[in-house]
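Here's a quick briefing on strand pairing and aromatic contacts. Have a look at the model first, then read on.

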Amino acid sequence: DHETSGGWVYIMTDRYGDTLYVGVTADLALKVSQHREGTGADFCARHGLKRLVWAERFDSIVDAIANEKRLKRWPGLEIELVEKANPKWDDLFDSLV
């Protein structure tokens with residue numbers, strides 16, 4: 001069931017504290033791979049955002065979408081989340097996926 005399957009909210013960037021992209025997906029490994037290949041989102045491709053710096057899994061895709069919207073409504077919250085969980089802004093792709 002699509003509504004009850006889990007989802008991820010994630011943040012992509014190019015380097016420390018620069019341009020950020022907040023997204024939501026049911027398949028984090030696939031989506032981040034697409035971003036790295038330049039096919040995940042026009043915004044990421046245009047800005048060269050290939051580094052996964054934060055991700056959180058939710059039990060349902062509905063919850064993930066709600067949290068993505070919350071993040072996008074509160075400017076600066078995404079930087080705060082990354083700073084707290086990943087202060088060096090390391091690429092987390094290999095450790096999360």
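**Strands and rings**

Strands β1 and β2 run antiparallel and are joined by six bridges. Keep in mind that this is a predicted model.

**How β1 pairs up**

- β1 and β2 make a hairpin, with six residues sitting between the two strands. G17 is in that turn, and its phi is positive, at about 65°.

**How enclosed β1 is**

- Seven of the seven residues of β1 are buried, so the strand is largely enclosed by the rest of the structure.
- Which residues point which way from β1? G7, V9, I11 and T13 go one way, while W8, Y10 and M12 go the other, and all of them are buried.

**The aromatic cluster**

- Searching the whole structure turns up two aromatic pairs.
- Take Y10 and Y21: their ring centres are 6.3 Å apart and the planes sit at 50°, so this pair is tilted. A pair counts as stacked under 30 degrees and as edge-to-face over 60, so an angle between those limits gets the tilted label.
- This pair links distant parts of the chain, as Y10 is in β1 (residues 7-13) and Y21 is in β2 (residues 20-25), eleven residues apart.
- Are these two tyrosines buried or exposed? Y10 has a relative accessibility of 1% and counts as buried. Y21 is buried too, with a relative accessible area of 19%, and the cut-off for buried is under 20%.
- Y21 also pairs with F43: the centres of these rings are 6.1 Å apart and the planes are at 25°, so here the label is stacked.
- Y21 belongs to β2 and F43 to helix α2 (residues 42-47), so this pair ties together parts that are 22 residues apart in sequence.
- F43 has a relative accessibility of 29%, so it counts as partly exposed.
- Put together, the ring pairs link Y10, Y21 and F43 into a cluster.

**A charge over a ring**

- R36 lies over the face of F93, at 4.4 Å from the ring centre.

How values were computed. Residues are numbered from 1 along each chain as its sequence is written. This is a predicted model: local features need pLDDT of at least 70, side-chain atom pairs count only at pLDDT 80 or more; totals for chains, interfaces and linings use all residues. Side-chain values use heavy atoms; hydrogens and water are left out. Rings of Phe, Tyr and Trp (its six-membered ring) pair if their centres lie within 6.5 Å; planes under 30 degrees apart count as stacked, over 60 as edge-to-face and the rest as tilted. Helices (H or I, at least four residues) and strands (E, at least two) are DSSP runs, numbered from the N terminus. Buried means under 20% relative accessible area, exposed over 50%, partly exposed in between (1.4 Å probe, protein chains only). A charge sits over a ring if NZ of Lys or CZ of Arg is within 6 Å of the ring centre and within 35 degrees of the ring normal. Two strands pair if DSSP finds at least two bridges between them.
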